[in-house]
Amino acid sequence: MTDKRIGLRLFKLRPTRSGIVAVLCRRALAIASICFVTTSFAQSLPDEVDPDIDLYALMSGSCSTLKIGGHDFTCKTVAYFHSEKGRADFTVPLDDPADESHVISFSGENGHRTQANLYLLAIDRMLLKSKERPKVDGLPVPVVQSSSGLCKQVGNFAAGQVSSISCSATDEAGKTYQLQFESDGSPITIRRVRQSAPTIRQDPYR
């Protein structure tokens, strides 16, 4: 079944927002950490911020820099999520032996391309997930921290290649988050959940 037919079928059934994302993650990515943070994100935000995902992309590589409040971590995967209302996230599952649920997301609205191979996303919140967080349906729900910062993605989805992603943000408590991710050269995995008009100023994946 094609992604478009899957999206149309799910749209007609109209399950919960988190259910849509969970089903598509199982069928397309089958990566538990990404599904967990996305379904939790859907459950943790107020109703007026509807995070229905219309596109997501998975990129493999390594993090030369991944700092949270001055503490160093590593990673092998970054996922990009885009919602129908224009919010986008760069989500990073951390390689943290002490916490399998340690995931952060740089989140913002109105992402746009300034050049053919450069996509910018202004960050206005960080989503922080860990094993200490309260659980909904057995999954930790991320805390949402108001923040300011910027993510830059070099490469584009249409070509199936992203060479690097860099993010820097500071939350309202003064805690800093830094990411420098380099692709390993593998083609990225892209899934369109359902067709909709672009809601960002210039569609980064066309």
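Student: Why is Cys 167 called buried in this structure?

Tutor: In this predicted model, Cys 167 has a relative accessibility of 4%. Buried means under 20%, so Cys 167 counts as buried.

Student: What makes Cys 167 part of a disulfide?

Tutor: Its sulfur and that of Cys 151 are 2.0 Å apart. A disulfide needs two cysteine sulfur atoms within 2.5 Å, so Cys 151 and Cys 167 are joined by one. Cys 151 lies in strand E10 (residues 143-156) and Cys 167 in strand E11 (residues 161-171), so the link ties together parts that are 16 residues apart in sequence.

Student: Is Cys 151 buried or exposed?

Tutor: Cys 151 has a relative accessible area of 0%. With the cut-off at under 20%, Cys 151 is buried.

Student: Why is the disulfide of Cys 151 and Cys 167 called right-handed?

Tutor: The torsion about its S-S bond is about 115°, so the disulfide is right-handed.

Student: How many disulfides are there?

Tutor: The count is two. Cys 63 and Cys 75 form a disulfide as well, with sulfur atoms 1.7 Å apart, and the limit is 2.5 Å. This link is right-handed too, with 45° about the S-S bond. Cys 63 sits in strand E1 (residues 53-68), while Cys 75 sits in the loop between strand E2 (71-72) and E3, so the pair ties together parts 12 residues apart in sequence.

Student: What makes Cys 63 and Cys 75 buried?

Tutor: The relative accessible area of Cys 63 is 10%, and that of Cys 75 is 3%. Buried means under 20%, so Cys 63 is buried and Cys 75 is buried. If the bonded cysteines are numbered in sequence order, the pairing reads 1-2, 3-4.

Student: Let's turn to the rings. Why is the pair of Tyr 80 and Tyr 119 called edge-to-face?

Tutor: The ring centres of Tyr 80 and Tyr 119 are 5.7 Å apart, with 85° between the planes. Centres within 6.5 Å make a pair, and planes over 60 degrees apart count as edge-to-face, so this aromatic pair is edge-to-face. Tyr 80 lies in strand E3 (residues 77-83) and Tyr 119 in strand E7 (residues 118-129), so the pair ties together parts 39 residues apart in sequence.

Student: How do you know that Tyr 80 and Tyr 119 are buried?

Tutor: Tyr 80 has 0% relative accessibility and Tyr 119 has 1%. Under 20% means buried, so Tyr 80 counts as buried, and Tyr 119 does too.

Student: Which residues do ring pairs link into a cluster?

Tutor: They are Tyr 80, Phe 90, Tyr 119 and Phe 157. The count of aromatic pairs comes to five.

Methods: Residues are numbered from 1 along each chain as its sequence is written. This is a predicted model: local features need pLDDT of at least 70, side-chain atom pairs count only at pLDDT 80 or more; totals for chains, interfaces and linings use all residues. Side-chain values use heavy atoms; hydrogens and water are left out. Rings of Phe, Tyr and Trp (its six-membered ring) pair if their centres lie within 6.5 Å; planes under 30 degrees apart count as stacked, over 60 as edge-to-face and the rest as tilted. Helices (H or I, at least four residues) and strands (E, at least two) are DSSP runs, numbered from the N terminus. Buried means under 20% relative accessible area, exposed over 50%, partly exposed in between (1.4 Å probe, protein chains only).
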